Number of protein chains: 2
Amino acid sequence: MRISELSAASGVPLPSIKYYLREDLLPAGTPTSANQASYGEDHVRRLKLIRALIDVGGLSVATAREVLQAIDADRMPLAQVFGIAQRAVSQSELFSSSDSAVGTARIDALVEHRGWAVSEGNPGRAAAANVVDACISTGHPELLALIDEYAAAAETVAAADLDAVARQPNVAAMAETVVAGTVLGDALFAGLRRIAQEHITSQRFPHSPPGTPAEPRAASSPRASRDSSDPAPHASR
Amino acid sequence: MRISELSAASGVPLPSIKYYLREDLLPAGTPTSANQASYGEDHVRRLKLIRALIDVGGLSVATAREVLQAIDADRMPLAQVFGIAQRAVSQSELFSSSDSAVGTARIDALVEHRGWAVSEGNPGRAAAANVVDACISTGHPELLALIDEYAAAAETVAAADLDAVARQPNVAAMAETVVAGTVLGDALFAGLRRIAQEHITSQRFPHSPPGTPAEPRAASSPRASRDSSDPAPHASR
């Protein structure tokens, strides 16, 4: 197909396609004349992946290029592709190295306890150690009691992630699933956790504290129950 | 204690404490003279929470103020505090309303299937629906097969979250745990998921393709093996 047809098939505007070609995110098409080239279904797929990395994953063009190179290097072990994808979508400060001796020791103990084989540079180690540190420094050591259950749930989710990867027909498709799943999985879990939290809160705390009107669902609660002098309209949910 | 002692006890610099007082994040101390006031342990606790909200949760001062007001309104039902905390730490575009009919229908079906009681305005609904949409638009419908396992894991984690809340001695402490747990939990899970992914990858895909060096577990490798001046540390693993 021609570049205009590629744009129509992928839903990506023509100027963006040209930009991705210039930036080496998208491989060149097969030349058909001096200034024309032909593109195939691989290009449509690649464009969708580029948009996933940049729009959903929030990756920079440079980081997206690095991830795509890992996918294209088909002799690269899958574990290495996973590592690159993980670090690409783990660029926030949270995932940068932790200097917390307490947090690092707690996470090392967890890794040991669960028999997890994991490299020192795994971005999740630093993130988890930083969270442990934050629980303590913010005066919430009670949250540390949750780590084991979180770890068990994380192992379940990671196993499902790898199931999806293993179902792919070839290494290139596996690598793509790794990248897309790493990007989208955090967001999916964060969303589902909030839904489940509301459900379980409504089960365990169905009754309002004494002295307050019953409010089974905050979404439908009357504003009248709030102190009318409250200057914060945000609290009106 | 005096404000300088409050700074030493909390680890928060004096100018920041004065800023939080002006911005109504921190309650005023008890006046002891025309321009002096006395502060207590409650102020130390509150300062740690403020830092958690702003530094760890990435909340703006205005959003942090809203969350703190919810905690202080001790007649507010816990479900409502949860809702405010959830929305405060769910300000990214991901959690804003979804216009994806397909995604919304898929998440509604999941909520129905699991028997979850959840309000329309739950930010997790929009986030999960947006992820479903992204899986499809980026050409990764295979990831949709993961939703049920993610949902089961999210319910486990949410139940643990509420266990930690229920263990608190009073409503104010419960509200604080809700806020801190909502802020820190996403990050903790994302970190542990990355660790578990690496472990399971190494189990399921243990053999590197020919031509790549064996990479034993770096967990026991000396830090010296990581070159901090490496301009492309991503490629080093």
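Me: Which side chain of chain B meets A:D186 in a salt bridge?

Reply: This is a predicted model, where local features need pLDDT of at least 70, side-chain atom pairs count only at pLDDT 80 or more, and totals for chains, interfaces and linings use all residues. Side-chain values use heavy atoms, without hydrogens and water. A salt bridge here is a side-chain nitrogen of Lys or Arg within 4 Å of a carboxyl oxygen of Asp or Glu. At 2.7 Å, N to O, the partner of A:D186 is B:R194.

Me: How many salt bridges are counted between chain A and chain B?

Reply: Side chains of opposite charge can pair when their charged atoms come close. Over all chains, the search finds 16 salt bridges. Between chain A and chain B the count is 8.

Me: What area is buried between chain A and chain B?

Reply: Buried area is the accessible area (1.4 Å probe) that two parts lose on being put together, summed over both. Carbon and sulfur atoms give 65% of it here. In chain A, the residues that lose the most area to chain B are A:E120, A:Y150 and A:R194, together 8% of what that side buries. The total between the two chains is about 9,800 Å².

Me: Which helix gives the largest share of the side of chain A that touches chain B?

Reply: Contact means heavy atoms within 4.5 Å. On that rule, 108 residues of chain A are in contact with 104 residues of chain B. Helices are DSSP runs (H or I, at least four residues), and strands are too (E, at least two), numbered from the N terminus. With 26 residues, the largest share comes from α9(A).

Me: At what angle do the axes of α8 and α9 of chain B cross?

Reply: Axes are lines fitted to C-alpha atoms, for helices over the stretch in contact, and angles run from 0 to 180 degrees between N-to-C directions. Residues 147-166 form α8 and residues 171-204 form α9. Residues in this contact include B:Y150 and B:V157 in α8(B), and B:M174 and B:F189 in α9(B). The axes come within 10 Å and cross at roughly 145°.

Me: Why does the pair of A:R65 and A:E23 tie together parts that are apart in sequence, and how many residues apart are they?

Reply: The two side chains meet in a salt bridge at 2.8 Å, N to O. A:R65 lies in helix α4 (residues 61-72) of chain A, and A:E23 in the loop between α2 (14-22) and β1 (30-33), so the pair ties together parts whose separation in sequence is 42 residues.

Note on methods:
Residues numbered from 1 in each chain as written. Chains lettered and ligands numbered in written order.
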